[in-house]
Amino acid sequence: KEAVAALVEDVQGRILLVHVFRYTTDSIEWEIPAGIVEDGESILEAAQREVWEESGYETVNHEPVYTFYPMNGISNKVFHIVRCQATEKTGDFDRNEVKEFRWVTRQEIQELVDGKRIADGYSLTALLLYLVQG
């Protein structure tokens, strides 16, 4: 299945990060909202759903940013990055999946990247694109 991650911006220009426990690495990591594109769902619909499930925020103005194969030498897995804006908070996040969330500035993202505190390739790719593209 394809997967999608969302770069979610608030009205102040900050980016949404979620604190997620990852069983495979036995760690809690800061990441951008992400997940599988469900059957019958478009990439943009999946991004919107994942953001809502992981933060409780509604989103608008979804636009594809990048599509890539994270391990094209051994897998045909496809990852999509979508950029969007947060509107209102209409629900609570899935506490079985997400520990907490926070909004971070461009400077904080740079510090997280420089400090090697973003561990997953999906978030790192999206955040580096964000830093480069503005």
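This is a predicted model: local features need pLDDT of at least 70, side-chain atom pairs count only at pLDDT 80 or more; totals for chains, interfaces and linings use all residues.

Reader: How big is the largest pocket?
Author: The largest pocket has a volume of about 310 Å³. A pocket here is an open set of points on a 1 Å grid over the protein atoms alone, where a 1.4 Å probe fits, with protein on both sides within 12 Å along at least five of seven lines. The volume is the space filled by probe spheres set on the points.

Reader: Which residues are closest to its centre?
Author: Of the 19 residues lining the largest pocket, the closest to its centre are R22, E31, D120, G121 and Y122. Lining residues have an atom within 4 Å of a point. β1, β3, β4 (34-36) and α3 each give two or more residues to that lining. Those names are DSSP runs numbered from the N terminus: helices (H or I) of at least four residues, strands (E) of at least two.

Reader: What's the mean pLDDT?
Author: The mean pLDDT of the protein is 93, and 99% of its residues reach 70 or more. That's the predictor's confidence in each residue, from 0 to 100.

Reader: OK, new topic. Which residues of helix α2 are buried?
Author: In α2 (residues 106-114), the buried ones are I109, L112 and V113. Seen down the axis of α2, they fall within an arc of 95°, so they line one face of the helix. The arc is that of the directions from the helix axis to the C-beta atoms. Buried means under 20% relative accessible area, exposed over 50%, and partly exposed in between (1.4 Å probe, protein chains only).

Reader: And what do they pack against?
Author: The buried residues of α2 pack against β2 (15-22), β7 (98-104) and α3 (121-133). Contact means heavy atoms within 4.5 Å.

Reader: What about L17, buried or exposed?
Author: L17 counts as buried, at 0% relative accessibility. L17 is in strand β2, and among the residues it touches are W30, F101, L112 and L127.

Reader: Last one: what follows α2?
Author: K116, with a positive phi near 55°. K116 is exposed, with a relative accessible area of 74%.

Terms used
Residues are numbered from 1 along each chain as its sequence is written. Side-chain values use heavy atoms; hydrogens and water are left out. Lists of a residue's contacts leave out its neighbours within four places in sequence.
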